[in-house]
Amino acid sequence: MRKKIAIIGDRNSVLAFKCLGVEVFTPDGKDEIRNTIDTLADEDYGIILITEQMADLVQDTIARYDSAVTPAITLVPSNKGSLGVGLERIDKNIEKAIGSSIV
C-alpha cells in the first residue's frame, strides 16, 4: 500500500508543496497542531513534514512518534528561515543509526 505525504505549517511556508502533490495542513495553536499530527498518523501518512516553528510548539507529540517506523516526522525550515532544529534532529538520528556523526 502506498503511503501519503503531508506538510504542516503556516500557509506562506507550505502552500507551494501542494503543487508537488503533498497534502497541506495549516493548523492554528498547539492543540490543533497536535490533533493534526495524531490524525495524519492514524490515516496512514508515511511522511509528515512540519515547520520547525510549529514543531517547537508540540515537541512532546513529535517525541511520541520518534520510535515508530511510520510516520517519519521531519522538521523543515519555514519561510522565515531555519532554527537549526531540523538539521540537529537528523544528525542525532544518523548518529544513533551508525554510531557516528557525519555532518
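How many bridges join strand 1 to strand 3? In this predicted model, local features require pLDDT of at least 70 and side-chain atom pairs count only at pLDDT 80 or more, whereas totals for chains, interfaces and linings use all residues. Residues are numbered from 1 along each chain as its sequence is written, and side-chain values use heavy atoms, with hydrogens and water left out.

Strand 1 and strand 3 run parallel and are joined by five bridges; strands (E, at least two residues) and helices (H or I, at least four) are DSSP runs numbered from the N terminus. Within this pair, Ala6 stands opposite Ile48 and Ile7 opposite Leu49. Strand 1 also pairs in the parallel sense with strand 2 (residues 23–25) over three bridges, where two strands pair if DSSP finds at least two bridges between them. Phe25 of strand 2 is the bridge partner of Ile8.

Altogether, four strands form an open, parallel sheet in the order 2-1-3-4. Strand 2 and strand 4 are the edge strands, each pairing on one side only.

The largest nonpolar core has 16 residues, of which Ile8, Ile37, Ile50, Ile62 and Ile73 touch the most other members. Such a core is a set of buried Ala, Val, Leu, Ile, Met, Phe, Trp, Tyr and Cys residues joined through side-chain atoms within 4.5 Å; buried means under 20% relative accessible area, with a 1.4 Å probe and protein chains only. Helix 2 (30–42) is among the elements that each supply at least two residues of this core, and the largest share, four residues, comes from helix 2. A second, separate core of five residues includes Ile7, Val14, Val22 and Val76.

Key: Buried < 20%, exposed > 50% of the residue type's maximum accessible area, 1.4 Å probe, protein only.
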